[in-house]
Amino acid sequence: MTATPEAPAEVLRTAYQKSVADYWNKEKDPVNLRLGDVDGLYHHHYGIGDHDPSVLEGPEDTRDARIITELHRLESAQADVLLDHLGDVQPADRLLDAGCGRGGTSIMANARFGCQVDGVSISQTQVDFANDQARKRGVDDNVRYHFRNMLDTGFPTGAFRGIWNNESTMYVDLFALFAEYARMLVHGGRYVVITGCYNDVTGGRSKAVSRIDEHYTCNIHPRSAYFKAMAANGLVPINVVDLTAATIPYWELRARSSVATGIEGPFLTAYREGSFHYLLIAADRI
């Protein structure tokens, strides 16, 4: 891809970044695509909240379709919780969806706040897909996706009122990431992350967490690393929400669906044994 005037010339700078990009360029997992087909909002994150038990009742030949719709409701509910923590966003503000996947949360943010939203991904396939969705919805004037590296985006200093990561920080060094965000956020701007992180108290990655790393070609960070890297870069937490219990119903329902991938067991084991946490952290740039 030819770089825009703002964008760094070289997006994929390491062998690991290239391997991650290759993974997501090839990814066509039904757990992402079939759920997005429900209403055209394609997410790359998990869900929260109790699932409706009635989806498991009724005619067996339509049960899986009901489960798919319910899983999508739970993942969109998760995105809503993230957006709730961005604070007072005005139509004149600008937001960044870092590690945007196929772009669903960016579209939700634009619909809620009426502001410009940029998304970045190191997967050209994801970027092209997301831009196509924005065009189909008629919001491409305000929602744009870019083939860029969230560690070095090329966006101007102080360009954003808010930035978020939704389950994408496990692919990067947190100190380098938050240094870039501190540069791009206005003074008092808000950063929000929802992420899985391993529990420092249990003493390193459990077997279940290591299975998750292997499945997604990622490197899950300890919980403490987020707070250390934020403190080093002038990001001060204002809210920390443990979503672990809230995400378990999603995984239990997904394990009973046609889009189960086999990773449901390790997630449920890790959450239930306490070696893995699902956290939301909202922090202000000082």
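## Model and conventions

The structure is a predicted model, in which local features require pLDDT of at least 70 and side-chain atom pairs count only at pLDDT 80 or more, whereas totals for chains, interfaces and linings use all residues. Residues are numbered from 1 along each chain as its sequence is written, and side-chain values use heavy atoms, with hydrogens and water left out.

The mean pLDDT (the predictor's confidence in each residue, from 0 to 100) is 95 for the protein, and 97% of the residues reach 70 or more. Over residues 1–5 pLDDT stays under 50, and the model has 5 contacts beyond four places in sequence for this stretch. A contact means heavy atoms within 4.5 Å. Where pLDDT is low, the predicted coordinates should not be read in detail.

## The sheet

Helices (H or I, at least four residues) and strands (E, at least two) are DSSP runs, numbered from the N terminus. Two strands pair if DSSP finds at least two bridges between them.

Strand β1 (residues 94–98) pairs with strand β4 (residues 160–166) in the parallel sense over 4 bridges, and A98 stands opposite N165 in β4. β1 also runs parallel to β2, to which 5 bridges join it; here L96 stands opposite D118 in β2. Strand β2 (residues 116–121) is largely enclosed by the rest of the structure, because 5 of its 6 residues are buried. Buried means under 20% relative accessible area, exposed means over 50%, and partly exposed lies in between (1.4 Å probe, protein chains only).

Strand β7 has antiparallel pairings with β5, over 9 bridges, and with β6, over 7 bridges. In β7, L279 is the bridge partner of T195, and L280 is that of V241. β7 is mostly covered, with 9 of its 10 residues buried.

## Packing of α7 and α10

Two packed helices are described by the angle between their axes and the distance between the axes. For α7 and helix α10 (residues 264–273), the packing angle is about 145° and the axes are 8 Å apart. Their crossing is left-handed, a term that applies if the near helix is turned anticlockwise from the far one by less than a right angle, with right-handed used if clockwise. A208, V209, R211, I212 and Y216 in α7 meet P266, F267, T269, A270 and E273 in α10. By class, this contact has 7 nonpolar, 1 polar and 2 charged residues. Ala, Val, Leu, Ile, Met, Phe, Trp, Tyr, Cys and Pro count as nonpolar, Asp, Glu, Lys and Arg as charged, and the others, Gly among them, as polar.

V209 belongs to helix α7 (residues 207–216) and is buried, with a relative accessible area of 0%. Leaving aside residues up to four places away in sequence, V209 touches Y198, I220, A270, S275 and F276. On the α10 side, E264, P266, F267, L268, A270 and Y271 are buried; their cover includes α7, α9 (244–254) and β7. G274 follows α10 and has a positive phi, near 85°.

## Positive phi in two loops

E167 is not a glycine, yet its phi is positive, about 60°. E167 is found in the loop between β4 and α6 and is buried, with a relative accessible area of 12%.

T217, also a residue other than glycine, has a positive phi near 55°. T217 lies in the loop between α7 and α8 (223–232) and counts as partly exposed, at 29% relative accessibility.

Key. Axes are lines fitted to C-alpha atoms, for helices over the stretch in contact, and angles run from 0 to 180 degrees between N-to-C directions.
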